[in-house]
Every structure is written in structure tokens, then in C-alpha cells.
Amino acid sequence: MKLYNKILTFGLLSATMALTGCSNSFLDIEDPTRTLIDEYMSTDAHIQEAVVAAYDPLHWPDWAMGEYNPINIMSDIMADDIWVGGSDPNDNANWHRMMNFEARPNAVIAGIWTDAYSGVKRCNDVLYYISRDVEGMTDKKKAYYEAQARVLRVYYYSWLWKFWGNVVYYETNFEGAPYLGTQYKADEIYDFMMADLKAALVLDALPMKEADENVGRVTKAMAYMLFAELAMYQNNEADMRTAAGYMAEIINSGLYDLNPDYTQIFKEEGEWTSESIYEVNYKDDNAIRSWNGPLNAGGTVLPTLISPAGWAAGADGHEEGWGFCPVRQETYDRYEAGDVRRDATCWNAAAVGSNYTKRHQDTGLFLEKYVAHSGDNADQKADAQLNWNNNLRIYRYAETLLNAAELIVRGYGSGDAQGYLDKVRTRAGVASVPATLENIIEERHLEFVGEGKRYWDLIRSGLASSVLVPDQYGYRTNTWSQKNKYLPIPQSEMDKAHGTLTQNEY
């Protein structure tokens with residue numbers, strides 16, 4: 001069973017407690033909410049609910065807080081594989097501004113900021129609750145809950161760190177208004193995250209791979225992948241040496257392997273296979289996510305966003321959407337003949353012959369990994385456009401192999417870098433190439449189109465300023481520069497901070 005089936009929206013529970021609390025005297029002005037929550041969180045069963053609730057914000061970025069911000073797409077639109085699309089440059093205008101490196105405080109995504117801090121808050125709650133006496137909670141369970149909360153908290157902070165860099169960091173929730181924290185530099189945030197992640201791993205409470213009934217919970221392998229991602233983006237030598245050992249540990253565990261058929265990875269039958277290290281679960285079975293309840297349990301809106309508008313229902317096994325994020329022709333052309341990843345990544349809708357509505361920046365190519373496939377929302381019970389069952393792939397074993405190869409080539413580990421690269425290319429149906437840093441970065445490019453990896457790879461490898469340049473179509477007219485590494489902090493957040501936040505350069 002997917003963990004998502006068990007998620008409680010914990011904020012609703014807290015609100016209910018606040019409304020039903022009472023006092024012995026109407027003159028008693030103490031807010032009973034904290035007492036009631038503390039009492040409720042005094043049993044192991046209720047602690048487990050809080051842990052599950054800490055996972056909930058993972059599902060929100062695609063549609064919550066009044067914005068469409070799929071976490072993978074928000075970085076990919078700033079890279080070189082997809083366009084923004086939509087009806088025109090004013091449709092999801094903030095996306096278009098980000099793509100052209102002209103985001104401004106009043107014209108930038110803000111939902112991910114709120115989603116991430118909501119996740120941080122819930123993780124902090126878990127760590128607070130388990131610090132007290134809890135009926136039925138063993139030391140082993142406590143360590144398991146703590147490790148999950150710490151890893152999740154780092155993952156939420158990683159969103160903030162990568163997109164905004166210089167952000168507020170806290171590990172204990174604020175007790176009352178004005179809820180203001182300390183803003184730290186990006187390098188300091190990195191140090192905080194890595195210390196937290198290391199503390200989680202020292203507990204040794206996470207399995208390398210979860211049992212089927214718990215898929216969706218973080219694992220040691222997921223924590224290792226997160227560690228490597230952060231270390232490699234920061235280019236921290238000591239941490240990259242540690243990360244190389246972690247990649248070897250995953251590989252040598254024998255618990256993970258490549259899915260032999262790349263074309264099946266992003267289908268429903270490809271969820272949580274041997275290649276899956278971490279996915280965010282979405283479901284259509286009895287899904288009740290709706291336009292009036294975007295945080296309800298259910299599916300994802302991503303396939304609706306990125307599928308062709310006006311597509312004939314069921315044609316070529318696909319359904320219609322809103323025409324965002326067409327794949328660039330250059331992306332399709334980048335694959336060599338016989339590379340099975342090309343058609344598994346780029347659906348050539350224009351070649352099918354179905355008459356669809358061509359929208360802004362149309363190429364006829366759409367991201368096959370996440371487009372709407374017929375039947376993938378058949379069992380939902382609310383709004384069909386919001387309830388596709390496509391799990392969001394976060395970490396795959398292919399990335400473990402390519403991480404290991406890169407770290408070895410860069411001198412931070414030992415092992416068979418060539419063999420790791422060859423495994424990925426053999427599965428793709430293409431011949432071996434030398435395991436050079438340039439070739440490994442390009443292999444990541446081909447392997448992870450649409451998975452939210454490319455933009456960060458270009459920055460950490462120093463290629464962003466030479467690759468992210470004006471295009472021949474006049475869509476991107478600006479060149480990426482170092483000041484574009486971080487988005488401007490949303491003006492709404494600056495206003496709430498009452499002068500305590502320093503704006504990023506833009």
C-alpha cells in the first residue's frame with residue numbers, strides 16, 4: 001500500500017482540537033490548543049500520525065497555495081530541455097520570467113516556499129513530540145521516527161536552499177507571533193542541513209530499503225542520495241568523499257538494480273521497482289483532491305499541465321491537457337539513433353496525426369514520462385484533472401550509478417566508473433563512451449530529462465553561463481549569470497518579515 005493512502009491532514013486535526021477545547025471558566029483566556037495537542041500526542045499511535053503528516057507537503061508543490069509549482073518542472077524550465085508553453089507568455093507568467101532569468105520579487109513562484117516551511121514545521125513537531133514521555137513508544141521506534149523527521153526536514157530545506165539560497169532556518173517551531181526567524185547565508189544552510197542529515201544517519205534506524213507496505217517512507221538509501229545531491233551541488237570535497245562511500249554501499253547492497261526496460265519506468269507498473277530509491281506517491285484510487293481541496297489525498301495535476309491542449313481523448317493512449325512545457329526539438333535531436341530513452345522521454349504528438357491545439361512555443365513534442373495516459377485517473381472521485389496516479393520519481397538507481405561514476409572520476413572515491421556508466425548506456429541501447437566528467441554530465445542530461453536534475457547540474461558543473469544563453473527563437477533573450485543562481489525572495493514573504501530578511505540580488 002502506498003504511504004499516501006494513510007496520510008492525515010494534521011492541520012485539520014489541530015484545528016478541530018482548538019474548536020472543541022473548553023475551559024472551567026469563561027474568564028480563562030489560556031489557549032487550550034497546545035495542551036490538547038500535547039495530550040493527544042502522548043501515545044505511540046498518535047505519534048505515527050504526526051510522522052505520516054510530515055510527508056504530506058511532499059505532494060503539494062504541483063498545485064497548492066494558489067500556484068502550479070511542480071518541483072521538477074520549476075528547475076527544468078530554467079534549463080535547456082523544455083519550454084514553458086501555455087497560451088502565451090502571460091500564461092503562468094512567473095514561469096516565463098524564470099525561464100528568461102528575469103524573475104522579480106513580485107513575479108516569482110512563492111508556493112514552494114510555503115510548502116517547504118509547512119514540511120519543516122511538521123518535522124519539527126514530530127521531534128518535539130517524541131522528546132517527551134510517549135506511551136508505547138520504544139527506543140527503537142523513537143529512533144525510527146526521529147530519523148524520518150530529520151531526513152524529511154533536510155529534504156524540505158533543500159528546496160529552499162537550491163531555489164533561494166539565503167533563507168530562514170530553524171529546528172524548533174516559533175511559539176507565537178510574529179514568527180520571525182534568523183536568515184542565514186546559503187553556505188550556512190548547507191552546514192545545518194548536512195549536520196541534521198548526519199545526525200539522522202548516526203541513528204542507524206532506517207532500512208536500506210523499505211518493505212512493500214511502507215513504500216513512500218524515507219530509507220537509508222534515500223538519505224544517502226540526498227546527501228550526495230547536496231554535497232555535489234555544494235562541491236564540498238570532504239562530503240563528496242563520504243558520498244562516494246554511500247553510493248558504493250547502495251550498489252553493494254544488492255537491493256537495487258536498473259529496470260531493464262527504460263520505457264516502463266514512468267508507467268504505473270514501473271513504480272517502486274528495483275530501480276526506485278525514492279518516489280512521491282500519488283494515487284487515483286478513491287482520490288478526492290479537488291479544486292476546493294487541493295491538499296486532499298489523491299493524485300497529481302502534472303499530467304494535465306504538460307499534455308497537449310485539445311487532444312482527442314484516448315488517441316495514441318493519451319489524454320488532453322493545457323499545453324505547458326513542450327519538449328524542445330533540440331532535446332529530441334540530442335539522442336543518438338537507437339537510444340530507447342528518446343521516445344520514452346519525448347512523445348512526438350505531432351507525428352500521430354491527432355488534431356490538437358498548438359499553443360505557445362509548440363514543438364509537437366511532450367514529456368512522455370509524465371503526460372496524461374488514458375486510464376491513469378480512472379478511479380478518482382473528485383476532479384479528474386487533479387487526480388492522475390503518476391508517482392513523482394525523486395531518486396533512481398541510475399542516478400546512484402552516475403553519481404558513483406562522477407565521484408570516482410573526480411577523485412573522491414574508488415571503483416569501476418566505466419562499468420557504472422556502461423550499465424546506464426547499455427540499458428539505453430547505446431554503445432560505451434569513455435567515463436570522462438564531460439560524458440557523465442551529458443549522460444545525466446540524457447537520462448533525467450524532465451526529472452528536475454539538469455538545471456542544478458549546469459550550475460554545479462560551471463556550465464550554466466555557457467549553456468543557458470539566448471536561443472534562436474527569441475524565447476530566452478538573457479544569459480544566465482551568477483546572480484541568477486538564487487531566485488528573488490517572494491515579495492509577500494519580504495512583507496511578512498518586517499525588514500528582517502535581506503533580498504537576493506536579481
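Trp291 comes out partly exposed, with 32% relative accessible area (the class between buried, under 20%, and exposed, over 50%, using a 1.4 Å probe and protein chains only). The model is a predicted one, so local features are kept only at pLDDT of at least 70 and side-chain atom pairs only at pLDDT 80 or more, while totals for chains, interfaces and linings use all residues. Residues are numbered from 1 along each chain as its sequence is written, and side-chain values rest on heavy atoms, with hydrogens and water left out.

A pair of aromatic rings is described by the distance of the centres and the angle of the planes. Here, rings of Phe, Tyr and Trp (for Trp, the six-membered ring) pair if their centres lie within 6.5 Å; planes under 30 degrees apart are called stacked, over 60 edge-to-face, and the rest tilted. On that count the structure has 34 aromatic pairs. One of them joins Tyr117 and Tyr157 edge-to-face, at 6.3 Å centre to centre and 90 degrees between the planes. This pair bridges distant parts of the chain, with Tyr117 in helix α6 (residues 111-129) and Tyr157 in helix α7 (residues 139-164), 40 residues apart. Helices (H or I, at least four residues) and strands (E, at least two) are DSSP runs, numbered from the N terminus. Tyr117 counts as buried because its relative accessibility is 12%, and Tyr157 is buried too, at 0%.

Back to Trp291: its ring and that of Trp322 make a stacked pair, 6.2 Å centre to centre with 25 degrees between the planes. Trp291 sits in the loop between β1 (276-280) and α11 (302-306) and Trp322 in the loop between α11 and α12 (329-334), so the pair ties together parts 31 residues apart in sequence.

Charges turn up over rings as well, meaning that NZ of Lys or CZ of Arg is within 6 Å of the ring centre and within 35 degrees of the ring normal. Arg328 lies over the face of Trp83, 3.7 Å from the ring centre, and Lys358 does likewise over Tyr356, at 4.6 Å.

The peptide bond from Ala177 to Pro178 is cis, with omega near 10 degrees; Pro178 belongs to the loop between α7 and α8 (186-202). Trp272, not a glycine, still has a positive phi of about 55 degrees. Trp272 is in the loop between α10 (237-253) and β1, and counts as partly exposed at 21% relative accessibility. Gln361, also not a glycine, has a positive phi of about 65 degrees. Gln361 lies in the loop between α14 (349-352) and β3 (365-367) and, at 4% relative accessibility, is buried.
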